[in-house]
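Please look over the points below with the model open.

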Amino acid sequence: MNSVDLSKYTYNLPDEKIAKHPLEKRDEAKLLIYQSGKISTEIFKNIPENIPHDSTLVFNNTKVIPARLLFRRETGAIIEIFLLQPYEPTAVIDDAMTLTGPVSWLCMIGNARKWKDEEILKREIVVDGESVTIEASWVNRDQKLVQFDWKGENVHFADLVKNMGQVPLPPYLNRDATEEDVPRYQTVYAKKDGAVAAPTAGLHFTNQVFDELLQKGISKEFITLHVGAGTFSPIKVDNPVDHPMHKEQILFKKEVIESLLNNNGKIIPVGTTSMRSLESLYWYGTKILEGQTDFFIPKLIAYEKSQHPSRKDSLRAILDYMEKNNLEVIHGETEIFIFPGYKFHFADGLITNFHQPDSTLILLVAAFIGEDWKKVYNYALENNFRFLSYGDSSLLWRKDQ
């Protein structure tokens with residue numbers, strides 16, 4: 001495995017270039033268009049005019065949960081519990097959110113040293129007019145494993161989180177969430193509870209943009225990848241290949257896989273999470289062709305495989321497996337790492353925001369458009385584009401498009 005020189009994938013991002021708040025209107029963001037080495041500026045609401053009519057956009061419909069839960073000890077100290085991943089009785093996020101009984105989660109804990117081992121934290125909230133007391137207790141301090149208990153008929157864990165949690169804004173915004181963030185740090189098509197970070201490339205889409213895409217004959221498909229906190233983890237190792245990629249849960253419906261198999265137009269993932277999901281799907285089909293049916297995509301699978309079947313062969317293998325096992329939906333996990341040298345199997349274009357320097361997402365962009373990523377980012381900096389989660393957007397086409 002060759003190393004990657006991280007110093008080639010950094011740039012200076014002044015704080016004033018970071019968008020600390022969303023624009024008043026989602027689709028009024030700037031849109032940078034990169035195609036055949038040329039760069040131009042548009043307004044996002046005009047994106048349908050810049051996409052071929054036979055294209056398919058692939059969206060991530062995960063929904064951000066208010067994952068920051070605050071509890072107050074009897075001493076007055078505040079303990080922040082940040083939900084990361086359900087653990088028991090299920091590790092599947094979709095299922096964990098519907099539970100009406102005890103559930104344990106892997107968490108990040110703020111002020112953990114003040115939370116004693118046997119101490120039970122309590123907080124009373126109101127759910128649909130009824131008072132509910134939720135208790136939090138340590139299961140395993142070393143693993144940062146916390147159990148939540150509550151009593152309330154037909155009260156799901158999702159109800160508790162929505163009524164007591166706070167929006168988990170990215171740390172680089174360096175501010176507390178406000179009422180404005182509740183709807184705006186969420187796509188208009190968010191559906192599946194479970195993300196702790198928004199798939200931000202989708203924040204610019206509005207119902208009006210969707211209507212214009214439909215009128216032009218551009219189709220859309222929805223997949224689910226529950227974005228984890230690891231998306232904000234900076235690369236801290238000399239060789240990015242050694243960077244730990246956190247596992248994230250993904251979900252595909254059979255009808256989406258059938259649509260992708262029969263697609264003859266351009267495929268454009270909306271966001272790096274959709275890109276990673278599609279590429280993970282490809283590698284799942286490859287594993288099935290090799291006799292492995294576990295849907296877990298390890299970090300470096302793409303760089304360790306010598307055989308790359310066609311996209312259609314991979315998708316057919318998945319559909320055959322689903323039909324044989326009478327499955328309409330497949331769940332999996334991925335920690336796929338896409339960096340320069342990666343061969344893409346799905347995307348012709350990519351809609352994405354502007355990412356942090358020295359990040360895994362910059363490496364993904366560089367893998368997709370090559371050295372021109374520097375040209376794109378320099379243009380964005382020089383032309384007053386807004387960066388990161390609440391920032392402006394880009395439509396990037398592969399060089400051969």
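1. Asn 111 sits in the loop between β7 (103-110) and β8 (121-127); helices (H or I, at least four residues) and strands (E, at least two) are DSSP runs, numbered from the N terminus. Although not a glycine, Asn 111 has a positive phi of about 70°. Its relative accessibility is 29%, so Asn 111 counts as partly exposed (buried is under 20% relative accessible area, exposed over 50%, partly exposed in between, with a 1.4 Å probe and protein chains only).

2. On provenance: this is a predicted model, in which local features need pLDDT of at least 70 and side-chain atom pairs count only at pLDDT 80 or more, while totals for chains, interfaces and linings use all residues. Residues are numbered from 1 along each chain as its sequence is written, and side-chain values use heavy atoms, with hydrogens and water left out.

3. Ser 36, in the loop between β1 and β2, is not a glycine either, yet has a positive phi of about 55°. Its relative accessible area is 49%, which means partly exposed. The peptide bond between Glu 88 and Pro 89 is cis, with omega about 5°; Pro 89 belongs to the loop between β6 (78-88) and α1 (93-96).

4. How do α9 and α10 pack? Helix α9 (residues 360-369) and helix α10 (residues 372-382) make an angle of about 120°, and their axes are 8 Å apart (axes are lines fitted to C-alpha atoms, for helices over the stretch in contact, and angles run from 0 to 180 degrees between N-to-C directions). The two are therefore oblique to each other (under 35 degrees is roughly parallel, over 145 roughly antiparallel, 65 to 115 roughly perpendicular, the rest oblique). Ile 362, Val 365, Ala 366 and Ile 369 of α9 meet Asp 372, Trp 373, Val 376 and Tyr 377 of α10; contact means heavy atoms within 4.5 Å.

5. Buried residues of α10 include Ala 380 and Leu 381. The buried set packs against β1, β2 (38-43), β17 (349-353), α9 and β18 (393-397). Asn 384, which follows α10, has a positive phi near 60°.

6. Lys 17 lies in the segment before β1 (30-35). The side chain of Lys 17 reaches the backbone oxygen of Leu 381 at 3.0 Å, and Lys 17 also touches residues including Asn 384 and Phe 385.

7. Leu 395, in strand β18, has 0% relative accessibility and so counts as buried. Leu 395 and Leu 31 are 364 residues apart in sequence but 7.0 Å apart in space, C-alpha to C-alpha.

Notes:
Polar contact = N/O pair within 3.5 Å; in protein donor to acceptor, adjacent residues only side chain to side chain. Lists of a residue's contacts leave out its neighbours within four places in sequence.
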